[in-house]
Amino acid sequence: MSDVALQPLTIVEIQRRVASELTRIGSVIDELGARFADAGEELALVGGPVRDAMIGRLQNDLDFTTSARPDVTERLVSGWADAVWDMGRDFGTIGCRKGAWQVEITTYRSESYDPSSRKPEVDFGDSLEGDLGRRDFSVNSMAVRVPGREFVDPFGGIVDLAERVLRTPGTPEDSFSDDPLRMMRAARFAAQLGFSVAPEVVEAMTAMAGRIEIISAERVRDELVKLVCAPHPRLGLSLLVETGLADHVLPELPALALERDEHHRHKDVYEHTLTVLEQSIDLEHRLGGGPDFVSRFAALMHDVGKPRTRRFEDGGVVTFHHHDVVGAKLTRKRMQALRFSNHDIDAVSRLVELHLRFHGYGSGEWTDSAVRRYVRDAGDQLERLHILTRADCTTRNQRKADRLRRTYDSLEERIARLSQEEELAAIRPDLDGNQIMDVLGIGPGREVGQAYAFLLELRMDEGPKSAEDAEAALRAWWAGRA
């Protein structure tokens, strides 16, 4: 996501940008608009694409709204599009592809939630202005009629875009009653665009936070992922906490604001956590890609075990023993409730559980055996563990920060050396199961597993051995069992 929207824009600059972007995509929008116009139907580019065109980051996904019903839309795009599919006919949406452009066309509509329902009730509308009025925010309630390219902005979205503020087209209470997920979208857009949220919107979010409970876990999860992966997640997360929404969707986060970090008493664990998240983002380049949800969410959750493990000891000392283990369990439970994949749950939980492991390294006293175990336990999350561990240093003492950085540099150098020498990423015993059975003269069974575990521990402790030495050690172990 580009940060271009964070720069102040004048209305004149916005108009210039949108005109330029519309010219760039003119062949697509004008051809499609003409087909609908010839059939007596209205068509308009709408929502996110219009907003994105205004801030110079229009992508290849184009959303349109139309007076046509889905069956008519499907007929009109057939023969023009390279491919057509049903995106959600009951919701009025038909999808298609034209060259590099992904297109969604939705019938004018309105939708609202019954107070006890998780699913919106959808009614088709009969005007563009009515359709725009049911959208989430004024910056998403602008449209361009095609093929004539008439700009439609009944709710002042262009002014809000210039002022970088999120407002609802109507009253925020009505908007959030229609779809409570819009409260989370306010936080997500704040994080993505760097916009502020109008005071009346914040007030409504605070008063109506409990309404988020009727939204499915999957929809909440998807918004949370987009927020966490945005350029400025602190803005969105702070809004969730401030309004009380986090109490319903991620209660472990606001709970951190009640605790004091034993190493950084000048700030609470909540503030420390947001700093760790930002520092982990600064290190994401090590992963070689774009925003990494697993790495970011692990940073967000790494200390959630502290409220459960806080203890006061003599001398005013506060401890959080085993908060890594407790935090991993809480993380797993929360991610399961939000319907995350098992892969993501396992990855984030493992990182939370391991985030303190490095602090036993001291000044480099670990044996090679301990380094091997560090790598083995991290598994395919090793690079993310490097990021989390480095990001977890938020001390203002520069000498201490430099010392921790140098010590972790040393650990990574040892890991690299051992990896080159011993292929740590694929570490396994020096004898496989068939060889174990041959050496011991036994068949498949529990004893083979026990022998395998012995050889793996031996490999961890002493490094790789020749087949002869491994066989001798195995025989000695086997003889000693009696």
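**Exercise 1.** Which residues does glutamate 74 touch, not counting residues up to four places away in sequence?

*Solution.* The model is predicted: local features need pLDDT of at least 70, side-chain atom pairs count only at pLDDT 80 or more, and totals for chains, interfaces and linings use all residues. Residues are numbered from 1 along each chain as its sequence is written, and side-chain values use heavy atoms, with hydrogens and water left out.

Step 1. Apply the contact limit, heavy atoms within 4.5 Å. Glutamate 74 then touches Val84, Arg89 and Ile94.

Step 2. Look at the side chains of glutamate 74 and arginine 89: a polar contact of 2.9 Å joins them (a pair of N or O atoms within 3.5 Å; within protein, one must be able to donate a hydrogen and the other to accept it, and residues adjacent in sequence count only if both atoms are side-chain atoms).

**Exercise 2.** Why does glutamate 74 count as partly exposed?

*Solution.* Step 1. Take the limits: buried is under 20% relative accessible area, exposed over 50%, partly exposed in between (1.4 Å probe, protein chains only).

Step 1. Glutamate 74 counts as partly exposed because its relative accessibility is 26%.

**Exercise 3.** How many residues apart in sequence are glutamate 74 and threonine 93?

*Solution.* Step 1. In sequence, they are 19 residues apart.

Step 1. In space, their C-alpha atoms are 9.3 Å apart.
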